[in-house]
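Work through the exercises below with the model open. Try each task before reading its solution.

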Amino acid sequence: ASFLWLSYPLNLWFLKNPNTEVPFILLLCAGLWFCLLAFKKREKCFQLIFISGIIFGLASLIRPIGLFISFVLALLIFFLVKEKSKKLCFLLALILLIGNFTAILPWEAYVFLKIGKVIPLSAGGPGSVVDGLTFAIKPGAGNNQAVISEDVYKLMKRADSRDLSSG
């Protein structure tokens, strides 16, 4: 497993770039591993699903999509648990989400104490999407401008000329 992780092409690519993908992917894989262990081991399923929730919460602090993954897994619990007891499935889903919010809550409390309001994990919204679509044509790219093909450049120009924000 260690060799496979070290030779994983996306991991090798992300290691040379200072991005958040490396810790996010590591936490995502660890959270999925603990979640699968919880389904296999009946005697420790509550502790393992709680640990899985905490790990997904930490991943959510790195990349907010981790929060979505926790909710999807909480719904999938109803299909993945062999014993079709609704009470057990609901309890496992609740423990997963409690673990997730246990990891997120200290950050939200810290932010609330500092600025006096609750903010979501990601407040970028449509502006972040527009910036991602037009990053190579924005002023300030300077010497670090990305090399892109002509068709991608035209697409970025079209995206920049339109109002892509919703709401």
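**Helix packing**

The buried residues of α4 pack against α3 (21-40), α5 (65-80) and α6. This is a predicted model, in which local features need pLDDT of at least 70, side-chain atom pairs count only at pLDDT 80 or more, and totals for chains, interfaces and linings use all residues. Residues are numbered from 1 along each chain as its sequence is written, and side-chain values use heavy atoms, with hydrogens and water left out.

**Exercise 1. State how many helices and strands the protein has.**

Step 1. Apply the assignment: helices (H or I, at least four residues) and strands (E, at least two) are DSSP runs, numbered from the N terminus. 
Step 2. The count is eight helices and zero strands. 
Step 3. Residues 24 or more positions apart account for 54% of the contacts with a separation of 6 or more. Contact means heavy atoms within 4.5 Å.

**Exercise 2. Find which residues of α4 are buried.**

Step 1. Set the classes: buried means under 20% relative accessible area, exposed over 50%, partly exposed in between (1.4 Å probe, protein chains only). 
Step 2. The buried residues of α4 are C45, L48, I49, S52, G53, I55, F56, G57, A59 and S60. 
Step 3. Turn to α3, where the buried residues include F24, L28, G31 and F34. 
Step 4. For the whole protein, buried residues make up 30% of the 167 residues.

**Exercise 3. Decide whether L96 is buried or exposed, and list its contacts.**

Step 1. L96 lies in helix α6. 
Step 2. Its relative accessible area is 0%, so L96 is buried. 
Step 3. Leaving aside neighbours within four places in sequence, L96 is in contact with I49, S52, G53, F56, S70, L73, A74 and I77. 
Step 4. L96 and I55 are 41 residues apart in sequence, yet 9.9 Å apart in space, C-alpha to C-alpha. 
Step 5. Compare L88, also found in helix α6. L88 is buried because its relative accessible area is 14%. Beyond four places in sequence, L88 is in contact with R42, F46, V81 and E83.

**Exercise 4. Identify the residues that make the nonpolar surface patch.**

Step 1. Patches are made of residues with over 30% relative accessible area and no salt bridge: like charges are joined within 9 Å, nonpolar side chains (Val, Leu, Ile, Met, Phe, Trp, Tyr) within 5 Å. Accessible areas come from the Shrake-Rupley method with a 1.4 Å probe; for residues, only the protein chains shown count as cover. 
Step 2. F46, F50, F90, L91, L94 and I98 make a patch of about 510 Å². 
Step 3. α4 (45-62) and α6 (86-115) each supply at least two of its residues. α6 gives the most, with four. 
Step 4. I98 is partly exposed, with a relative accessible area of 44%.

**Exercise 5. Which side chain of opposite charge is nearest to E108?**

Step 1. Lys and Arg count as positive and Asp and Glu as negative; His and the chain ends are not counted. 
Step 2. The nearest side chain of opposite charge is K117, 11 Å away. 
Step 3. A salt bridge is a side-chain nitrogen of Lys or Arg within 4 Å of a carboxyl oxygen of Asp or Glu. E108 is buried yet has no salt bridge. 
Step 4. Outside four places in sequence, E108 is in contact with V118, I119, P120 and L121.
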